[in-house]
Amino acid sequence: MTIVTASVPRDEMSGAPDVRVVAVPAGHPYVRRVTDAAGIEVLPDPPVPGAAEGVWWPPVALDPDWIRRNADDADILHVHFGTESFPAGHLTACVEAAHAAGWAVVFTVHDLTHPQLTDQSPYAAQLDELVPRADALVTLTPGAAAEVRERWGRDAAVLPHPAILHEGESPSIVAVSEDLRFGMHLKDLRPGTDGPTSARTLIAAVERLRDEGHHAVAEIRMHRSVRDQGARDEVRAAVAGHPYAVLVEQGRLPDAALNTALGGLDVCVLPYRFGSHSGWLELCWDLGVPVAVPDVGHFADQHDDASTASFRPGDIETLTAALRSLLSCDDAARPGSIARAELMERRRARRREQDASTAEAHAALYRRLRSERVS
């Protein structure tokens, strides 16, 4: 059996790890980071019939029959992502099967609204299945924990998002430019992204900053293949012919190229109309890039420093104010500068400590829950 985590100590008599975890999905980078503690074995994702290697969705392990067949192989079921693949009642049956197998169930509430869905009601119903029935809850921010408490009357452990930038990774060196580059990536225009409004608002904010004497430019990126072609056409129209805005349509970038593109920004602007937490924000933090975040969900709660500033989606005034504040914050450092490189190294060191603590907290939670199930 392939073990996701490294350096797993074994009991000298039994040869077994401390705790065996079915994580859904096991292969996700977030999951690998938070389970990277000694004594934790994460079972690999079962292969999805007919899918390419590395595809974990819809998650095969999140199935009552699979859980019953593998009852002796694990101690914990930890659900992260992929629940939207299933009909009403399925998750309840999974929790019941896990409990019947002697497993404890953990649910990390990454999303309180689902960024991939227009109609939130099926996902809200799934939260109503999982949140009350899980043995323990985890979430990423104090604000999300407060929302969980308000909606379901349950406490969730707050364990921050781990690093996204890998150890040793850094963006390619970029030349220091006179232009202040404000970037926004619309990706494939999923439902949680308001591409046209976000593009128009950013361009208008850049115009205001230029009127104030800043050499500001807007860099808007979007995938060639999008979910909403009408929205794509509106984005193109918003940028077309504008002297201080550029639209880059591209495929999905490899990690190194994405790091370089983001690392060349003075500020990244998130284009979301709803959502809860953002891995994109975390990558920007790793790269030393300040982020303007919409005042929805719990994006502004992910970091407690001045590297994020909030604005109302679609509001030129508040976005312009957020961009101004980020340009003058203590951690503002130009792309390609020595100060940006030093900021990245300080943050990398902070992440090492935080991520180790987060992984140990997960391990302690698993051990406590397994002990409670056994007793």
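Start with helix α9. It lies across four strands: β7 (180-185), β10, β11 (291-294) and β12. Its direction makes an angle of about 160° with β11. One caution before we go on: this is a predicted model.

Now look at the sheet under that helix. In what order do its strands come? The order is β9-β8-β7-β10-β11-β12. That makes six strands in an open sheet, and the pairing is parallel. At the edges stand β9 (245-250) and β12 (308-311). Each has a single partner strand, so one side of each has no neighbour in the sheet. From one strand to the next, the twist averages 25°.

Strand β8 (residues 216-223) runs parallel to β9, and six bridges join the two. Find Glu219: Val246 in β9 stands opposite. Helix α7 (residues 229-239) lies across β8 and β9, at about 145° to β9.

Stay with α7, and bring in helix α6 (residues 195-211). The two helices pack at an angle of about 15°, and their axes are 8 Å apart. Angles under 35 degrees count as roughly parallel, so α6 and α7 are roughly parallel to each other. Their crossing is right-handed. Which residues of α6 make the contact? They are Gly195, Pro196, Ala199, Arg200 and Ile203. From α7 come Ala231, Glu234, Val235, Ala238 and Val239.

Next, the other sheet. Six strands again form an open sheet, and the order is β2-β1-β3-β4-β5-β6. Here too the pairing is parallel. The edge strands are β2 (40-42) and β6 (157-158), each pairing on one side only.

Look at β4 (residues 104-109) and β5 (residues 136-139). They run parallel, joined by four bridges. Val106 has Ala136 in β5 as its bridge partner. Across β4, β5 and β6 lies helix α5 (residues 142-152), running at about 140° to β5.

Helix α5 also meets helix α4 (residues 121-133). Their axes come within 11 Å and cross at roughly 95°. The range 65 to 115 degrees counts as roughly perpendicular, so that is the label for α4 and α5. In α4, the residues involved are Leu127, Asp128, Val131 and Pro132. They meet Val148, Arg151 and Trp152 in α5.

Ser276 sits in the loop between β10 (267-269) and α9 (279-287). Is Ser276 buried or exposed? Its relative accessibility is 2%, and buried means under 20%, so Ser276 counts as buried. A polar atom of its side chain lies 2.7 Å from the backbone nitrogen of Leu112. Leaving out residues up to four places away in sequence, Ser276 touches a set of residues including His110, Asp111, Thr113 and His298.

Last one: His303, in the loop between β11 and β12. At 9% relative accessibility, His303 is buried as well. What does its side chain make a polar contact with? The partner is the side chain of Glu282, at 2.8 Å. Beyond its sequence neighbours up to four places away, His303 touches Leu281, Glu282, Trp285, Thr308 and Arg351. For scale, take Ala93: it is 210 residues from His303 in sequence, and 36 Å away in space, C-alpha to C-alpha.

That's my tour. Over to you.

Definitions and conventions:
Residues are numbered from 1 along each chain as its sequence is written. This is a predicted model: local features need pLDDT of at least 70, side-chain atom pairs count only at pLDDT 80 or more; totals for chains, interfaces and linings use all residues. Side-chain values use heavy atoms; hydrogens and water are left out. Two strands pair if DSSP finds at least two bridges between them. Contact means heavy atoms within 4.5 Å. Axes are lines fitted to C-alpha atoms, for helices over the stretch in contact, and angles run from 0 to 180 degrees between N-to-C directions. Buried means under 20% relative accessible area, exposed over 50%, partly exposed in between (1.4 Å probe, protein chains only). A polar contact is a pair of N or O atoms within 3.5 Å; within protein, one must be able to donate a hydrogen and the other to accept it, and residues adjacent in sequence count only if both atoms are side-chain atoms. Angles under 35 degrees count as roughly parallel, over 145 as roughly antiparallel, 65 to 115 as roughly perpendicular and the rest as oblique. A crossing is left-handed if the near helix is turned anticlockwise from the far one by less than a right angle, and right-handed if clockwise.
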